[in-house]
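Please keep the sequence and the 3D view at hand while reading.

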Amino acid sequence: MQLNVNGEIHKHQGDGSLISLLKEMCARPERTAVMVNGKVVKRVDWDGVQLKDLDDVDVVMFAGGG
Amino acid sequence: MSQMLKIKDQVLGSRLFTGTGKFSDTETMVKTIKASGTALVTVALRRFHKDSAADDLYGPLSELDNVHIMPNTSGAMNAREAVNAAMLGRELTESPFIKLEIHPNPHHLLPDAIETYEAAKILVAEGFWVMPYIPADPVLAKRLEDIGCASVMPLGSPIGSGQGIEVREMIRLIVRDSSIPVVVDAGIRSPSDAAAAMEMGVDAVLVNSAIAAAENPEAMAIAFAMGVEAGRAAYEAGLMSRSREAVHTSPLTSFLAGGSV
């Protein structure tokens with residue numbers, strides 16, 4: 001499956017669940033927040049999210065800022 | 001002991017808020033935040049990439065005791081993007097604090113008042129404690145208070161510029177009319193800038209670059225904490241009024257002139 005992750009093309013090898021994408025990215029779930037196709041997905045809803053081909057996924061983390 | 005600062009339901013033990021940007025390394029950042037005595041720290045959001053996972057501040061920030069984390073919406077170009085950023089931030093902090101900042105022009109980083117106002121309305125309705133970074137405009141500040149913002153954060157001068165408080169009279173008007181905390185955010189360079197803001201009755205200051213870019217950030221954080229304390233104490237003590245002319249402090253009786261020696 002081909003996804004657009006953080007603005008870049010990403011060939012996803014997993015089962016298409018959001019959780020498997022995060023695992024593939026080596027992202028620690030508790031330290032990331034996720035938006036799919038421009039909509040924030042709350043952590044409590046992650047389990048049910050199944051991604052589709054060409055979905056836009058943004059995965060963010062904390063970084064230094066003022 | 002100065003009066004405690006309260007934002008919405010939260011009492012904060014310090015009137016110095018600090019940022020997490022521009023530090024040379026995470027260890028220095030953590031030591032500096034601790035030294036500052038701050039109770040509220042801002043943090044940005046960034047796209048995750050496994051090669052930059054070491055820059056993730058979640059771990060270091062969650063080790064800080066009694067410090068609230070306030071994500072900012074930096075990078076948002078409009079209200080819609082800022083609302084999304086705020087929602088993402090809340091997923092990480094599980095806290096209602098949000099620093100709303102929308103500054104689309106990278107040359108001056110001045111806030112877009114219209115987009116900020118639109119985003120604030122949405123975020124307040126979503127239950128956020130919205131702390132908007134704004135131009136020092138008393139009318140805008142009042143409008144943001146009216147729609148339920150938790151505070152307003154007028155700039156002293158452009159972000160990271162170290163130009164100090166260039167809009168003193170506008171901030172004075174905001175303080176005079178505001179029933180929510182006023183936080184001077186951006187432009188502060190020195191502890192005396194912070195003290196000057198506090199003496200005007202500002203409720204808190206947010207300082208990032210001036211601490212993080214100091215030769216010794218930890219020592220500078222302590223200096224800022226003292227400046228903020230001194231300024232607040234002076235405000236609460238009540239400054240004397242200004243006079244255009246000298247007013248003598250000692251008797252002016254001419255006892256030396258004309259007398260016999």
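**Strands of chain A**

In strand E5 of chain A, Val57(A) stands opposite Val5(A). The model described here is a predicted one.

- Val5(A) belongs to strand E1 (residues 2-5) of chain A, where the side chains alternate between two faces.
- E1(A) and E5(A) are parallel partners, paired over 2 bridges.
- E1(A) also runs antiparallel to strand E2 (residues 8-11) of chain A, to which 4 bridges join it. In this pairing, Val5(A) has Glu8(A) of E2(A) opposite.
- A hairpin is formed by E1(A) and E2(A), with 2 residues between the strands. Asn6(A), located in the turn, has a positive phi of about 50°.

**Contact between chains A and B**

- Chain A contributes 20 residues to the contact and chain B contributes 29 residues.
- On the side of chain A that touches chain B, strand E3 (33-36) and strand E5 (56-63) each supply at least two residues. The largest share, 6 residues, comes from E5(A).
- Sorted by class, that side of chain A has 11 nonpolar, 5 polar and 4 charged residues.
- E5(A) pairs with strand E4 (residues 40-47) of chain B in the antiparallel sense, over 4 bridges. Val60(A) stands opposite Arg47(B), a residue of E4(B).

**Open sheet in chain B**

- Chain B holds an open sheet of 3 strands in the order E6-E7-E8, with parallel pairing. Its edge strands are E6 (97-100) and E8 (153-154), each of which pairs on one side only.
- Strand E7 (residues 129-134) of chain B and E8(B) run parallel and are joined by 2 bridges. Here Tyr133(B) stands opposite Met153(B) in E8(B).
- Helix H4 (residues 113-125) of chain B lies across E6 and E7 of chain B, and its direction is at about 175° to E7(B).

**Helices H7 and H9 of chain B**

- The axes of helix H7 (residues 191-199) and helix H9 (residues 217-237) of chain B come within 7 Å and cross at roughly 25°. Angles under 35 degrees count as roughly parallel, and H7(B) and H9(B) are therefore roughly parallel to each other.
- The crossing in which H7(B) passes H9(B) is right-handed.
- Residues of H7(B) that meet H9(B) include Pro191(B), Ala194(B) and Met198(B). Among the residues they meet on the H9(B) side are Phe224(B), Gly227(B) and Tyr235(B).
- By class, the contact of H7(B) with H9(B) has 13 nonpolar, 3 polar and 2 charged residues.

**Glu218 of chain B**

- Glu218(B) is also part of helix H9 of chain B.
- Is Glu218(B) buried, exposed or partly exposed? It has 18 C-beta neighbours inside 10 Å and therefore counts as partly exposed.
- Glu218(B) and Ile33(B) are 185 residues apart along the chain, yet their C-alpha atoms are separated by 7.7 Å.
- Apart from neighbours within four places in sequence, Glu218(B) is in contact with Lys31(B), Thr32(B) and Ala35(B).

Terms used: Residues numbered from 1 in each chain as written. Chains lettered and ligands numbered in written order. Predicted model: local features only at pLDDT ≥ 70, side-chain atom pairs only at ≥ 80, totals over all residues. Axes fitted to C-alpha atoms, helices over the stretch in contact; angles between N-to-C directions. Parallel < 35°, antiparallel > 145°, perpendicular 65-115°, else oblique. Left-handed = near helix turned anticlockwise from the far one by under 90°. Contact = placed C-beta atoms within 7 Å. Nonpolar A, V, L, I, M, F, W, Y, C, P; charged D, E, K, R; others polar. Pairing = 2+ DSSP bridges. Buried ≥ 20, exposed ≤ 12 C-beta atoms within 10 Å, placed from the backbone.
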